[in-house]
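Here is a short briefing on one protein chain. Please look over the sequence and the model before reading on.

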Amino acid sequence: MSSIQFHPNELLLVYNDPNTTTGKQTRAYAKSVSNNINEVDLRSVKLTTTIWKDIVNMLKMHPEEIMNKSSKIFQEKFNDNHYTMNGLLEALAHEPELLRAPIAIYHNRAVFCQKPTDILRLEVNSKTSFKVPPHLRRS
């Protein structure tokens with residue numbers, strides 16, 4: 001069971017800086033496929049190691065794969081060291097600017113959005129769950 005809880009028809013968008021080109025474009029694509037977006041800006045919201053573990057498991061990636069290895073923080077603290085999965089999850093929890101690209105989550109499926117169009121791989125079905133709220137749909 002996932003520790004991330006949000007509305008089932010909601011697209012969760014996790015990023016560390018919405019002002020980057022990729023961040024802006026990914027947000028625009030997210031808004032084009034969903035009216036229900038929960039944006040998590042890691043500059044103001046800290047995720048726990050448990051949530052990061054859920055996210056990397058949904059991505060089917062290792063934490064190091066989603067980290068910006070060219071960042072100053074990574075170079076200073078992690079470059080020459082070998083860390084366990086838990087150590088890297090702790091790093092993401094305490095240094096969220098290590099996140100290399102936005103992450104989009106929908107129905108316990110996640111996509112690492114290295115390119116803004118990667119969000120389209122979630123195959124959000126706007127007809128059944130997004131554009132019209134359930135209580136306003138016609139039978």
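L11 stands opposite I37 in strand β2. This is a predicted model, in which local features need pLDDT of at least 70, side-chain atom pairs count only at pLDDT 80 or more, and totals for chains, interfaces and linings use all residues. Residues are numbered from 1 along each chain as its sequence is written, and side-chain values use heavy atoms, with hydrogens and water left out.

**Strands β1 and β2**
- β1 (residues 11-15) and β2 (residues 37-41) pair in the parallel sense over five bridges; pairing requires that DSSP finds at least two bridges between the strands.
- Helices (H or I, at least four residues) and strands (E, at least two) are DSSP runs, numbered from the N terminus.
- Together with helix α1 (residues 21-33), β1 and β2 make a right-handed β-α-β unit.
- Right-handed means that, with the strands pointing away from the viewer, the path from the first strand over the helix to the second runs clockwise.

**Helix α2**
- In α2 (residues 49-59), the residues W52, D54, I55, V56, M58 and L59 are buried, that is, under 20% relative accessible area with a 1.4 Å probe, protein chains only.
- These buried residues pack against α4, β3 (103-106) and β4 (109-112).
- K60 follows α2 and has a positive phi, near 60°.

**L89 in helix α4**
- L89 lies in α4 (residues 85-94).
- L89 counts as buried because its relative accessibility is 2%.
- Leaving aside neighbours within four places in sequence, L89 is in contact (heavy atoms within 4.5 Å) with T49, W52, K53, V56 and P63.
- L89 and P63 are 26 residues apart along the chain, and 6.5 Å separates their C-alpha atoms.

Terms used:
Buried means under 20% relative accessible area, exposed over 50%, partly exposed in between (1.4 Å probe, protein chains only).
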